[in-house]
Amino acid sequence: MKATIVVLDGDGVGPEVSAEAVKALRVIGEVFGHAFAFDHRLIGGAAIDATGEALPEATLGACKGSDAVLLGAVGGPKWDGGTVRPEQGLLDLRRELGVFSNIRPVKAHAALAERSPLRADLVGAVDLVVVRELTGGVYFGRRETGDGYAIDETKYTVEEIERVARVAGMIATERQGRIASLDKANVLATSRLWRATVERVLTDEFPSIEFEHVLIDAAAMHLLTNPARFDVILTENMFGDIISDESSVLCGSIGMLGSASMGASGPGLFEPIHGSAPDIAGRGVANPIGTISSCSMLLRLGLGLPREADLLDAAIDRVIVEGPRTPDLGGEALTAEVGDAVGAVIGAIRSGVVAT
């Protein structure tokens, strides 16, 4: 296969973790005989510094013409308070690509049980997926700031809710068949529309799926007291942003989790769920596992290469168990050392030196 992958290194630790992700994809390409071309483009603060824009037209055009987009991270204190914010580049990219569903798997590893703030018996069975609506809600609503007040509008349409509910339904069909839809229907009109629409779609189109409505504040509590109760979590943009970051600590570090943002057509956007981590940027100690895991989703969902994704997942799992590990997981390894280890294990598994 020939595929063009646009790489948006971004800001902070973004270039460090994306370099290791590209390294893993190069090894996968060599092993399976694929020709992956990597096109590095600017976004976020780096793009503001170079062009004055968070999402330059050249970057957007390259992304739209690609087979998949890999993102590191955007943002940092350097650009706080500016008239152009790095995060706007990411929001604009999501909207322009039409990637309305964000898929974030969360699976606990026994080898990292001691890194979780919860008891091992609570996190041991955690295996869930957060499906977050990505291009609606308060992040894309009308904004207004006046003398002594500010407004951020939250808006959802039936169509926006229907399409992400179908994504959750399809994912749940291939898993345990359970969906928890999170909202704030006791207060918000948008949540009441969300609840009614989700219930109709799942009842009519996915009758075998068991689903429940859970208020977002109760769901946050359940995620800490009984996280294994969840299979697929479906929720709107802001709630999904918060709940998936909360769920990441179950695995021991926010640096562990990747994500895929998919639309009805066109290239997907693949990125770790963590931010730019300016406090450790440039030190070479950021955990690249979340970004490399995003590459597994890029292979599986973006390029339709399940065998390659399975091999990368197996390599990631082995490195998680055997190391090396970065400081966030209690180790002393550098970012590049973890990336090198993943690449070496890919080759070892493929050649039969080690078993999956």
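Are Tyr156 and Trp194 buried or exposed? The model is predicted: local features need pLDDT of at least 70, side-chain atom pairs count only at pLDDT 80 or more, and totals for chains, interfaces and linings use all residues. Residues are numbered from 1 along each chain as its sequence is written, and side-chain values use heavy atoms, with hydrogens and water left out.

**View A. The aromatic pair of Tyr156 and Trp194.** Tyr156 is buried, and Trp194 is buried too (buried is under 20% relative accessible area, exposed over 50%, partly exposed in between, with a 1.4 Å probe and protein chains only). The count of aromatic pairs comes to 1 (rings of Phe, Tyr and Trp, the last by its six-membered ring, pair if their centres lie within 6.5 Å; planes under 30 degrees apart are stacked, over 60 edge-to-face, the rest tilted). Here the ring centres are 5.6 Å apart and the planes meet at 70°, so the pair is edge-to-face. Tyr156 sits in the loop between strand E7 (149-152) and helix H6 (158-173), and Trp194 in helix H7 (residues 189-205), so the pair ties together parts 38 residues apart in sequence (helices, H or I, have at least four residues and strands, E, at least two; both are DSSP runs numbered from the N terminus).

**View B. Asp9 and its polar partners, Ser18 and His40.** Look for Asp9 in strand E1 (residues 2-10). The side chain of Asp9 makes a polar contact of 2.5 Å with that of Ser18 and another of 3.1 Å with that of His40 (a pair of N or O atoms within 3.5 Å; within protein, one must be able to donate a hydrogen and the other to accept it, and residues adjacent in sequence count only if both atoms are side-chain atoms).

**View C. The largest nonpolar core.** This core has 86 residues, and Phe36, Val131, Leu234, Leu299, Leu312 and Val342 touch the most other members (a core is a set of buried Ala, Val, Leu, Ile, Met, Phe, Trp, Tyr and Cys residues joined through side-chain atoms within 4.5 Å). Helix H11 (residues 306-322) supplies the largest share, 8 residues. Apart from this core lies another of 16 residues, among them Val69 and Leu90.

**View D. Arg119, an exposed residue.** Find Arg119 in the loop between strand E4 (101-107) and helix H5 (120-123). Its relative accessibility is 52%, so Arg119 counts as exposed.
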